Amino acid sequence: MNKLYWLDQIKLQDRAKVGDKAFYLSKIIQRGYPVMPGFVVSAEILRQFLENLNSSESLVADLPHSSLHLDVTNWRQLQQVASRLRQEILTATVTQEWVSTIFQAAREWQTSCLILRPSLAVSTAIPGINNNISGLLESVFCQCEPEAIALALKRTWSQIFRARSLLYWQHLGINLQQINLAVLVQPVENAIASGSLTTNSSGWEIEATWGLGIAIAQGEIQPDVYYIQPETGVVLEQQLGNKMLAYGVDDAASKVFSQLVPNSALTPDRTCLITYMLPEAQQKQYSLQEEYLQQIIALGTQLVSELGKTFTIKWTLAGKTTSGKLYITQVSPSKLISHTHFIRGLGAAGGRVSATALVINNPQQKPEQLPKGVILVVPTITPDWLPLLQQVGGIITEQGGLTSHAAILARELGITAVVNATSATTLIKTGERLLLDGDRGEVYRIKGDSKEEMERGREENLLPSHHPNPKAPHPAVTSHVPMIATQLLVNLSQSTLIEQVQNLPVDGVGLLRSELMVLNILNGQHPNSWILSGRQAELLELWSEQIMQFARAFAPRPVFYRSLDWRSQDLPSLRDSLESSPQSMLGERGTFSYLRNPAVFELELKALASVQEAGYSNVNLLLPFVRTVEEFVFCRRKVEQAFLTEVAQFQLWMMAEVPSVLFLLPEYVKAGVAGISIGTNDLTQLLLGVDREQGQLAKVFNERHPAVMSAIAQLIQMAKSAGIPCSICGQAPALYPEIIDRLVEWGITSISVEPEAVERTYQAIARAEQRLILAAARRELK
C-alpha cells in the first residue's frame, strides 16, 4: 500500500482516488469545520486486490477489464452471478501489509470501533451520473482489530457486485473500469444524538435521534424533525418522532458475548455495536437540547457559503452524557433537479419516482386502462383498482392511512405511494411533472422543461431508500448473515410477484390475500354473479390454478390462504349484492358473510381441495374476521365436508383481529383452531375505535399504543399456554421494526410482512434474537 489519504491532507488531484464522499469532507475539514477525522484506503487498492485474485476459475479475474454484460431482466442469472462474485471476494485474502497499515493508523484514535464508508467516484465521461448514491452502498462497522478490518474491507468492496449494484451500473451504461471505489475509515464513538441537516432555498429540515444515526439509516425509528427558516434560523415547527431504540458502542459486551457463546449468530459488522431500548420517558423527549439545535443551525448557516444553498450533512454529537461535541460525518452538495415541495401526506410505500401526473377526481369512474408509468392522483383507491395499478409509477391519494388499501397494494406491488395528501386532486393538474417521495410523504413539482432535468429525476428512482422497492432485485442472503429461529413469512396476493419473491429468505407465505388474488380473474364481477350465471366450473378452475401457482412455487414451505374478507365498498358489484352501508368499515365481513351466503366459501374450499388433489399438501386455511365461536364451528364443518382435513399436513387457522378473541381463544382452541395470526390493522382500529382508512387520524391509529401492544402480548401468551403457534401478519412489524424486539421476546412463532420489508425484518429479527442470547449470557456470567 503506497499510502493512506488523511482527510486533512487530500488534494484536488486526489479526488478520483478517494471518491466524492471523502473529497467533500476533506474540503470542509481543511477549512476548519468540525469533521470526524478519518483516512481513505484509495480506489487503487481495490484494483490491485481484484487483479491479484489467483483462482483460475475466478469470475472476477478479469473484472478490471469487464463490463459484465448481464441480462438484468433475468433475475436468476443476476442473483447467481452477484452471489458468486461477492463470495469470491469475501473468501480471498487481503494483503497483510495493507491490513497492518490500516490497523496502525486507526490505533491513533484509541477507539474500539471503526466505520468503513464506501466513497465512490465515477468517471466524468459518463453524462448524467448522480453521485448521490447513498443507500446503494452501505457502511460497514467492525472492531479495531486486524482480522475484523480485513473482513470489513472485503465486505465494503463486495457491495459494488451486489445484484442491485450491477443493475444500477448496467442501467446507466457504466463499465466497471469507470468505477473508483475508495473506503473512508473513521472512528465510531458513543453519541448523545445523531441525524442530518438538509437545506434548500425554501426551508431547512433537521432530523435527529438518540445515539448513533444507524437507526435512521435503517428505517427502524421515526426521527424528531425540526423545520427551520433559512434566513433567520428560527425553528418554525418541530415534530416528536417515534424512537424506541438506539445504537451505541459497547466493546466490553461483545467480548463477553464471544467468550460465552463462541458460535453465536452475531455478525462481524455488529460486534462493536449494541442496540438498546430507550426508556419510555426518553422516548417522549426530543433528542436535541436547545443548545445543540442552535449549534447545528449555526453550522448550516456557515456551510451555505462553502456549499451553496442546497446540501445535506450528517452529524453526530459524540459523548456519553449531556456534554457532547458536534462532528460532521458526511456531506453531500446537492446537484439534483430543481423542485419545490408543495404537498405533504403520509409516506405509505418507499422510494422516489418522477413522472407526469394523471388526476382522476371520481374514483367510481374507473378507466379501462391507465398510461404506463404515470403518477396516479385520486381521492381514494379500492381493491378493484388493482389490475390498473400494475402500470402506474406512483400513487397519491387524498384519503387513507398507512394500513389503507392504497398503502397495502402499493407496498406489495412496489409502487411509490403517498396517502392522505389533502386536496391533491385540486392542487395537481394532469400532465404536471412531479417528484414523489414515498419515504418522506412529500410531493414536489419539477420546474423547467429540459430533458436533462427529467433524466436526473429518473436517476433518483434507481437509488434505494430506507424501504427498497420490491420491483428491484432483492439481495441474496449470504454466508455472513445470521440464521434466525423465528419464522419469517411473506404477505402476497399477486402471482406476478412469485418469481421475484420465492427466493427471498422466507419460510413460506404467511398471508395469501384471496380477495386481491381473485380480482385478476373476476373481471370486476362478484363471485356470486359467476355462480348465478352458470359459470361456477369455469371460476373453480381459474381459482384453483391461482392458488396452485403459490403452492407450487413455495412447496414444501407452507402457504396460509386467507379466505375472502371483502367489505361492502371493495367492489362495485359487491356493494350491489350486500345490504351493508357503502361507508361501513365492517358490514358483513369475514366468516359472518359465509353464514349468510355459503356458496362462495364452499367454492373456495373446492378450489383448495383441487390443489390438494394435484399433490400439494402445503396450503393451509386462515379464516378472516371471526366474531364468534359459532362462526368458526360452522366453517370447520364446511372444511371437513370438503375433505380438506384428510390431508394430514392441513391446518385450520383463524385471524386474531376481533377483540373478542382475547376472551374466547381457549374456546376457539377447543373448537379446533390449530393456530392464530394476529391482524394488527383491524385489531388496532377496533381496540382504539379509529377507522384505519382515515389518514388524518394517523397519530391516533398507532399499533404501538399500549392497549394494542398489551393485546398482542396477551394473544401470544395465550397461544403458548394452549400449545398452538401464533403468527403476526398485520402491517405493524413492517411499519415499526422496533416492536420486533418485543414480539421475539414474548415468543411470537412467525412474522409475516410485505416483500419490500423482508430484508429489514430479517435483520431486525436477528438483532432481537441476538440481544436475547446476550442477555441470557450476561445472566449466566453473573
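Predicted model: local features only at pLDDT ≥ 70, side-chain atom pairs only at ≥ 80, totals over all residues.

Start by selecting β18 and strand β19 (residues 416–419): they run parallel, and three bridges join them. For one of the contact points, pick Gly394, whose bridge partner in β19 is Thr416.

Together with β18 and β19, helix α12 makes a right-handed β-α-β unit.

Next, bring in strand β17 (residues 375–378). β17 is joined to β18 by four bridges, again in a parallel arrangement. Click on Val377 and you'll see Ile396 of β18 standing opposite.

Second stop: select helix α26 (residues 706–722). Its 17 residues reach 24 Å from first C-alpha to last, close to the 24 Å expected at 1.5 Å a residue.

Colour Val708, Met709, Ala711, Ile712, Leu715, Ile716, Met718 and Ala719, which are buried in α26. Why look at the spacing in that list? An α-helix has 3.6 residues a turn, so residues three or four places apart point the same way.

What covers those buried residues of α26? The cover includes strands β26 (652–656), β27 (675–678) and β28 (726–728), along with helices α24 (661–670), α25 (680–688) and α28 (740–746).

Finish by stepping just past the end of α26 to Gly723, which takes a positive phi of about 75°.

Note on methods:
Residues numbered from 1 in each chain as written. Heavy atoms only, no water. Pairing = 2+ DSSP bridges. Helix = DSSP H or I, 4+ residues; strand = E, 2+ residues; numbered from the N terminus. Right-handed = clockwise from strand over helix to strand, strands pointing away. Expected span 1.5 Å × (residues − 1). Buried < 20%, exposed > 50% of the residue type's maximum accessible area, 1.4 Å probe, protein only. Contact = heavy atoms within 4.5 Å.
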